[in-house]
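This report concerns the aromatic rings of a protein chain and the charged groups beside them. Please consult the sequence and the structure shown below while reading.

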Amino acid sequence: MARQTRAKFDKKGLSGLGLDKLVEILLEEATANKALKARLLTALAGETGPHEVARLLDKRLDTYDQAVTRINNARAKDMAIEFAGLSRNILSELGAADPAGAAERILRFLALRFPISARLVSDNARLWKVFDDAEVAAAELIGTIAPEEQVLLVPQIEKLRLRDRYGEHTGFLSALTGVLAKPAADVWKALLNEVLPKEPLKLGALDLLQSLAIHQGDLDTLLKLENGKPENRRDTLAMAGHLHSAGRFQEALEWVQQRPNGLRLLPFRGELVSVGPEYGARERRLLEADILERLKRREDAQALRWREFSETFDPAVLKLYLSKLDDFAEFDEIDRAFAVVENASDIYAALEFFVTWPRLDRAAAHVLRHDHRWEGRYFEDLAPAAEALADQQPLAATVLYRTLITDILRRGIGVAYPHAARYLVELGRIAPHLPDDARLKDHEDFVDDLRRNHPKKHGFWSAVPGIWP
């Protein structure tokens with residue numbers, strides 16, 4: 001029997017249907033699908049030129065902007081599909097023929113977020129996702145058009161910003177500061193400076209002016225704006241970083257040494273967030289050390305790096321400190337660092353350091369030296385350490401695994417039973433490799449104790465292959 005072939009749902013397969021059949025299907029579907037109908041109308045208008053496409057898009061944008069009816073959840077779902085199609089038509093159909101015209105319309109589209117938000121019965125994540133995606137595409141499009149065409153968009157951009165009471169467009173506006181050419185950036189700066197005295201101290205004109213200054217390499221204006229902020233809004237660390245990058249090390253030192261007191265409000269992902277005085281402390285200290293190094297104050301720089309390591313046990317900081325030492329001096333300093341870690345009151349931080357460095361022999365000795373102090377509730381520290389030690393230091397790994405299992409079962413943490421079962425299986429695997437002189441209960445005796453003390457923890461026992469209480 002001859003083998004039957006099936007037409008594929010691709011360009012070649014659909015072409016086989018013939019033009020008339022395809023047109024019939026499209027007309028039929030378009031009567032029930034507004035987004036498809038709009039796409040077809042826009043494509044047809046494109047045959048007569050970009051002006052007709054722009055006219056159709058303006059008509060649709062006007063319709064949405066002037067509507068006042070409430071939008072329930074079902075309608076919001078449909079609108080998400082319609083708006084995705086509208087955005088696509090602006091960016092692709094009009095964008096291909098008239099990028100500047102498309103940029104103007106996509107800004108109008110983004111401005112629909114305000115009236116739509118007021119009409120919604122409840123928030124709709126799918127609808128806002130369409131706007132978020134359009135913002136990313138809009139920033140890319142605006143970055144491609146000619147500088148003189150960007151200038152014409154600036155009043156529209158500023159109008160969008162002024163309407164943005166809740167900061168929905170903060171990320172988009174910030175992105176624009178990096179794509180606008182100097183002529184448009186200068187026009188926007190003039191508008192922002194006009195409204196700056198009237199705006200409250202929020203994430204707005206001041207921050208955009210600083211972002212424009214950064215992208216234009218205008219460090220003096222950036223610093224002047226920062227000095228104009230109240231103390232609880234100043235980001236002295238960021239300013240020190242900019243000065244450091246520009247090679248202005250003495251000024252950078254002055255800024256980095258302005259350590260904050262109390263809570264501050266700093267921009268983070270398009271919002272002002274409250275941070276304490278210790279926010280960015282590590283970065284501040286390491287930056288200060290590098291600045292001191294550039295100013296030929298090597299001893300002061302090394303003292304800062306050592307202080308940072310001795311307080312945090314950060315392996316990266318120790319490696320940086322050692323890399324700045326004279327030849328052969330690092331061996332004594334490594335011994336000094338290890339001694340500091342071994343005598344630390346925070347045994348968990350010390351264990352993490354030795355595992356990460358790595359010095360598994362010292363990590364194992366550290367585990368055994370404090371064998372009665374480990375607590376299973378610190379599983380985020382103990383579990384990775386036990387796994388790292390299992391093959392080379394089975395005795396220390398056994399101490400940690402037993403601590404974890406005992407704590408999980410004692411507290412009856414059901415969601416952790418599969419982990420405890422896995423730890424018990426791992427204990428069985430490494431048990432034959434324990435040293436003969438290990439002062440530790442045999443593995444079989446440990447399992448018997450678990451059977452006797454936790455016979456009803458069926459969620460645990462059912463996860464352990466071959467072992468039942």
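## Aromatic pairs

How many aromatic pairs does the count come to? In this predicted model, the count comes to 19 aromatic pairs.

One of the pairs joins W306 and F309, whose ring centres are 5.7 Å apart.

## The setting of W306 and F309

Both residues belong to helix 17, which covers residues 298–312. W306 and F309 are three residues apart there, so about one helical turn separates them.

Are these two residues buried or exposed? W306 has a relative accessible area of 14% and is buried. F309 is buried as well, with a relative accessible area of 1%. Each value leads to this description because buried means under 20%.

## A second pair

The rings of F460 and W461 form another pair, with centres 4.8 Å apart. Their planes stand at 65°, so this pair is edge-to-face. F460 and W461 are both buried.

## A cluster and its charged neighbours

W306 and F309 also belong to one aromatic cluster, together with F313, Y321, F338, F353, F354 and W357.

Which residues lie over the faces of W306 and W357? R336 lies over the face of W306, at 3.7 Å from the ring centre. Over the face of W357 lies K319, at 5.6 Å from the ring centre.

How values were computed:
Residues are numbered from 1 along each chain as its sequence is written. This is a predicted model: local features need pLDDT of at least 70, side-chain atom pairs count only at pLDDT 80 or more; totals for chains, interfaces and linings use all residues. Side-chain values use heavy atoms; hydrogens and water are left out. Rings of Phe, Tyr and Trp (its six-membered ring) pair if their centres lie within 6.5 Å; planes under 30 degrees apart count as stacked, over 60 as edge-to-face and the rest as tilted. Helices (H or I, at least four residues) and strands (E, at least two) are DSSP runs, numbered from the N terminus. Buried means under 20% relative accessible area, exposed over 50%, partly exposed in between (1.4 Å probe, protein chains only). A charge sits over a ring if NZ of Lys or CZ of Arg is within 6 Å of the ring centre and within 35 degrees of the ring normal.
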